[in-house]
Amino acid sequence: MTMKAKNIAYWTTTALVAFFIGGGGVAQIAQYLGNPHGVVPVLGYPMYFFAILGFWKVLGAIAILVPRYPRLKEWAYAGIFFDLTGAVASVAAVGVYGAYGFHIIAPLVIAGLTVASWALRPESRFIGTLFPAKNSRPVINTRAANS
């Protein structure tokens, strides 16, 4: 993949993740402040839990978009992935799949976009290598690791 194509793919997936996660977070906060409905009461979690998740989703979406802070981005990507896969597990546990399994498929698709965004990120946003080459020492971006 060329550097330009990789950059376009990175920003496309990152923008989609930020839109869905950030927008979902704003919707969760609004739902908490307004009239709770939908799948929330069925899952058995208290409403304030979704307000807290919504707040952190908005911050996570901002974190993956702002320049620098690679360690913060790593945590944001992890949090987004855990939130989405946790949502799938919660919905699957109570059997509230929605029409055509929407509440299972949609979070899994966004989790896939999250992994793609993380994997396509520019080298300046790396903290270290995930799988170091054999017979070599791990490469660590010291500038990013110290920020």
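Start by selecting Leu84: beyond its neighbours within four places in sequence, Leu84 is in contact (heavy atoms within 4.5 Å) with Ile21, Pro107, Ile110, Ala111 and Thr114. You are looking at a predicted model, where local features need pLDDT of at least 70, side-chain atom pairs count only at pLDDT 80 or more, and totals for chains, interfaces and linings use all residues. Residues are numbered from 1 along each chain as its sequence is written, and side-chain values use heavy atoms, leaving out hydrogens and water.

Together with Leu84, they touch the most other members of the largest nonpolar core, which has 14 residues. Such a core is a set of buried Ala, Val, Leu, Ile, Met, Phe, Trp, Tyr and Cys residues joined through side-chain atoms within 4.5 Å; buried means under 20% relative accessible area, exposed over 50%, and partly exposed in between (1.4 Å probe, protein chains only). Helix 1, helix 3, helix 4 (70-94) and helix 5 (102-120) each supply at least two residues of this core. Helices here are DSSP runs of H or I, at least four residues, numbered from the N terminus.

Now move to Lys57, in helix 3. Is Lys57 buried or exposed? Lys57 counts as buried, because its relative accessibility is 16%. Not counting residues up to four places away in sequence, Lys57 touches Ile21, Gly22, Gly25, Gln28 and Asp83.

Finally, stay in helix 3 and pick Phe49. With a relative accessible area of 33%, Phe49 is partly exposed.
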